[in-house]
Amino acid sequence: MATVTPDETDTETGTEEPLLDEERNAFVDKFPNEARLTRLTFLVAFGALGIGGFFGLIQALHRTGAFRGFVSSSDYYTVLTGHGVLLALVFTTFFISGFFNWAITRSLGRGSVDRRVAWSGFTMLLVGTVLAAVAIIGGFFPNVPLSADVLFTFYPPLQAHPAFYVGAALIVVGSWVVGLDWFRRFWAWRSDNPDERIPLQAFMVLTTMIMWYVATIGVAVEVVVFLIPWSLGLIQTVDPILARTLFWFFGHPVVYFWLLPAYLGWYTIMPKLAGGRLFSDPLARVVFVLFVLLSTPVGFHHQYVDPGIPEGFKFVAMTNTMFLLLPSLLTAFTVVASLEHAGRQQGGTGRFGWLKTLPWGNPAFSGMALAALMFAAGGFSGMINAGMNINYLVHNTIWIPGHFHLTVGTAFALTAMALAYWLVPQITGKRLQLRGVAALQPYMWFLGMTLMSNAMHRAGLIGVPRRTAEPQYEAFSYAQSVGGYGEMRIQIAIGGTLLFVALVMFLAVMFATILAGKGGQLEVNSEFPEPLSGAEDAPKVLDDLRLWAVFALLLVALAYGFPIYSMIQSGALDPSIPAVPVSIAGWLPI
């Protein structure tokens, strides 16, 4: 019979309800190898988050003129590259690797088929990160023959040291190997359970990885076929339009590689923390299938101002991007319905009274809820970015970083921090430390991002450029706006400072927890209640992963096949022929 220890508290909710013996350290004890691997990936992720976040503070203070004592304006671009790469590639990839490793292990109830595969993927990710980081940091030292001031996008004509490109390639390939470990587990599980529906969390992991495998084809070709040989001097030129196209083939769907793990948390963990259950398993599966199909054929909307790409294909990309609103709206409906159900189960009444009953003092819940709320705002600014004519107004302005600070900077980053509050005790067997700091941290992040992103969006509307250390030039004034440009700069500086304070608070909680002794500590219960509408209500075709992978590849071929063929026909692979704008036929200048 299960026994209860009265002095143990439930770390999911912060209540004084006792936990059963079998709820203690279940994951870390049952899957020690997977728990260890997840701990290491999180350590690297949090390290990258700390360094990249400090770089972000430097940017915010330098651009606004609040404090310029950290770096010179020439070194600003090294800081900008480090901020983008460490946060958008390293932090995200490592955290997702650890989170998905936990999710698929828990949902399938089995560890790696071959541990060497999982650890090989982690090693490749780590070596790639070290190579890229060394190349970036080399930019601070003029006498060191290393530099990579190529920004997050790293396409030509800017050129980095070969170590940076090799590192980037290893990060991509390492993520493929990590994903292979998860698919091998799934195939082993399927052979033992041929007629079972794929558990929802495993389904979300696998569909996200199918999207990722398709999306990274472009950047892998760009880096391995063009950028590494170019940086080594093996080839003399790289066509910038072709390279940009291959990058943005990957550059937009990478956003969904960040967001879908957040969706996994919002769909499966947040309703549980709220005291309820998921509203609809079938709707969750439909959403992830739609992202597999629609995420990749949209990259041309980042190239609306690029010559050499037929306008018709830009229009197709715009249309496909608008279709992506559907899974986002379905997510908003399903998550809010799940939370309302939870709130009413806790006694909430009236139209909005259920909101008061939600556990807003639990940092795992409040972090995810605030991240989802801010992502809704990011969706509205994303619609502006997707439209061809309106995009021209904001394309090269600070509006764009304002937008993706709402997506990767909050929807993913704040969700990841919230998940860590709930997940780290499971992979360490230790209580969460500094709970008061943890409870305040999501609100500090939300406030800082509200100030900074709001000012960035407004500044973009008056034409303030992005990607520059000197946004204000002598004898030049921006158009008049409410508050003025000076007020916007103050907001960005204050917002960026609050974000860094919130980051330090998070890291303090994490490292205090990791370094704490086990002494009777326990793990939160990782079991999930059945959805109101379960997997049995979903069409079985949704679980046909091969079908959706084939359809995704077909849509990519339709969206990208002819434009890339046209570029090649126009001399993109011939260094003796300069790149020129071409018509849809690839023959006549536009």
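This is a predicted model: local features need pLDDT of at least 70, side-chain atom pairs count only at pLDDT 80 or more; totals for chains, interfaces and linings use all residues.

I began with α2 and α4, which are roughly parallel to each other (angles under 35 degrees count as such). Their axes cross at roughly 5 degrees and come within 12 Å, with α2 covering residues 32-64 and α4 residues 115-137. For contact, taken as heavy atoms within 4.5 Å, I listed Asn33, Arg36, Leu37, Leu40, Thr41 and Val44 on α2, and Arg115, Ala118, Trp119, Phe122 and Leu126 on α4. By class, I noted 7 nonpolar, 2 polar and 2 charged residues in this contact; nonpolar covers Ala, Val, Leu, Ile, Met, Phe, Trp, Tyr, Cys and Pro, charged covers Asp, Glu, Lys and Arg, and the others, Gly among them, are polar.

Residues are numbered from 1 along each chain as its sequence is written, and side-chain values use heavy atoms, with hydrogens and water left out.

Helices here are DSSP runs (H or I, at least four residues), numbered from the N terminus, and their axes are lines fitted to C-alpha atoms over the stretch in contact, with angles from 0 to 180 degrees between N-to-C directions.

Next I looked at α6 and α7 (residues 240-251), whose axes lie 7 Å apart at an angle of about 150 degrees. That makes α6 roughly antiparallel to α7, the term for angles over 145 degrees. On the α7 side I found Leu242, Ala243, Leu246, Phe247, Phe249 and Phe250, and they meet α6 residues including Trp212, Ile217, Glu222 and Phe226. This contact has 13 nonpolar residues, 2 polar and 1 charged.

I then turned to the second largest pocket, which holds about 530 Å³ of space. A pocket is an open set of points on a 1 Å grid over the protein atoms alone, where a 1.4 Å probe fits, with protein on both sides within 12 Å along at least five of seven lines; lining residues have an atom within 4 Å of a point. The volume is the space filled by probe spheres set on the points. α8 (253-273) is one of the helices supplying at least two lining residues, and its 4 residues are the largest share. The lining has 10 nonpolar, 4 polar and 10 charged residues.

Lastly, I noted a cis peptide bond between Pro156 and Pro157, with omega about 15 degrees; Pro157 lies in the loop between α4 and α5.

Definitions and conventions
Angles under 35 degrees count as roughly parallel, over 145 as roughly antiparallel, 65 to 115 as roughly perpendicular and the rest as oblique.
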